[in-house]
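Open the model in your viewer and keep the selection tool ready. The tour starts at a sheet and then moves through charged pairs.

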Amino acid sequence: MIIASFPETPLADVSIKNCMPLKTLFLNPPSFENFDGGASSRWPATREIESYWYPVWLAYPAGMLEGSRLLDASPHHVSWQQTVEISKDYEFVVLFTSTPGFPGDCKLAEAMKAAKPALKIAFVGPHVTVLPEPVLRDCPAIDFIVRREFDYATVEFAQGKPLADILGASYRHNGRIVHNPDRPPVDDLDALPDVTDVYYRDLDIRRYNVPFLLHPFVSLYSTRGCPAQCTFCLWPQTLSGHPWRKRSSDAVAREMAKAKEYWPGVKEFFFDDDTFNIQKARTIELCEKLKPLGLTWSCTSRVTTDYETLKAMRDSGCRLLIVGYESGNAQILKNIKKGATVERARDFTRDCHKLGLTIHGDFILGLPGETRESIRQTIQFAKQLDVETIQVSLAHAYPGTELYDFARKNGFMVNEQQMVDEGGHQLAHIEYPGLPREEVLEAVHRFYDEYYFRPKAVYRIVRKAIFDSGERRRLYKEARAFLKLRAARKRYVEERRIVPAAAPAPPASERETSVETVEV
């Protein structure tokens, strides 16, 4: 594709093999205040309660390059200006961007280039994977992007490999945008460095907080990819892919033993895999290796996991599971290709309660087929499950996902450019016939209110606060942050009701699908 004249920075000066690699900064950039995005999160946004996940993706290549640094700006409260100053000490910056954060990340790249014109900048992450040409067109400060997994591509560039020979790279050349052939997924995960070595070198683990995990915690991956076909899920469709690849159980156990030595005070380790326990035999084998270490750990889980596997997990130190229930409406689960049923979710939850495993349940409002009735069903479903904690998100249609294609095709996307507010918090940007997006946003807080202001839930919170002073302080801080955001969103909903949307959604008769049963 020919693109009208772009300013191009010369890449020839790094196209020969250097004795030493380029001094490289792997950057999870500063963005909105308390923004948990980019390399940290599958669902980039500022949370209701300040929380951060580890930038695991950036840690792998950072562990391969001598003299590199992993800078995770948001949790370490490194400002925009400080980041620009830090970048002056480096020759190459790899920045993990996100759809909500890209406009600000582009401005940051421009500022870094202005401060040091010779600096090479690569953007990585789902957003640039899906939209490489618009990214390179709209942000001349970017020298190149890497599509999908970027571990080896960024390292190869730092080591002097010509850009034209780097699989997965897209870049400008003589007024054109060039897309090199795709890079196959990384198969040998054991060949990658241990991310905990990079954490130990570059990160302050006390800065990472997730409300339902013990603090401090450390997270890492034992697998990559997810064979599930959920239409809304970002990383399997844009970054890690659907092919499921695993580290050997011995390699995982060795890293966990080392991590225990690095941080004797860590209260919990978290396996942040897309789906940790999808293969029963491998999960049980890994549990046998973890059991002698005496660790407390938690992980992601699908509701299809059986009792025997859950028991093996518990017996090896598993404390908590993050479970994506998504909806209590059977048709919506079919619409999003969840591969699970409401009945199976109930059985799974019953098994976890029996084994004493804690559950953090994730739910999404605004998925295809959502109605006022399905929202009511999901709230009732969640209360019946009665898990320890919940997170309720708005459905976000990220570029590159089936949900995005569905919403655009059927005219359900309202203001595609505004996925978050000025603080990075989620805004509803999908609207269905008869269900205004403001009503869905309001339902998120009604969901929280109905769930947590039940006697059972209140008792759990009070009991935890009474017996743990550290937890009491943490709960107080989180409650203040949540109530502040709740008030701001309430004002937003009221304002939207007064000022109608500039471009109302087309009538149902013009759309290709019904509200309840949809083709995605």
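Two strands count as paired if DSSP finds at least two bridges between them. Strands (E, at least two residues) and helices (H or I, at least four) are DSSP runs, numbered from the N terminus. This is a predicted model, in which local features need pLDDT of at least 70, side-chain atom pairs count only at pLDDT 80 or more, and totals for chains, interfaces and linings use all residues. Residues are numbered from 1 along each chain as its sequence is written, and side-chain values use heavy atoms, with hydrogens and water left out.

**Stop 1: the sheet**

Select S170. Opposite it stands H179 in β9. Now widen the selection to strand β8, residues 169–173. β8 and β9 run antiparallel, joined by 4 bridges.

Show the whole sheet next. It is open, with 7 strands in the order β4-β1-β5-β6-β7-β8-β9, and its pairing is mixed. Which strands are at the edges? They are β4 (69–72) and β9, each pairing on one side only. From one strand to the next, the twist averages 20 degrees. That angle uses axes, lines fitted to C-alpha atoms, taken between N-to-C directions on a scale from 0 to 180 degrees.

**Stop 2**

A salt bridge here is a side-chain nitrogen of Lys or Arg within 4 Å of a carboxyl oxygen of Asp or Glu. The whole structure holds 34 of them.

Pick R183 and E156. Their closest N and O atoms are 2.7 Å apart. R183 sits in the loop between β9 (176–179) and α7 (195–202), while E156 belongs to helix α6 (residues 151–158), so this pair ties together parts 27 residues apart in sequence. E156 is buried, at 16% relative accessible area. The classes are buried under 20%, exposed over 50% and partly exposed in between (1.4 Å probe, protein chains only).

**Stop 3: E255 and R247**

Move to E255. Its side chain meets R247 in a salt bridge, 2.8 Å from N to O. Is this pair buried or exposed? E255 is buried at 1%, and R247 is buried at 7%.

**Stop 4: α14 and α16**

Select E439 and R372. Their salt bridge spans 2.5 Å, N to O. E439 lies in helix α16 (437–452) and R372 in helix α14 (372–385), so the pair ties together parts 67 residues apart in sequence. E439 is partly exposed at 21%; R372 is also partly exposed, at 48%.

**Last stop: a network**

Select D194, D197, R247, E255 and K258 together. Salt bridges that share partners join these residues into one network.
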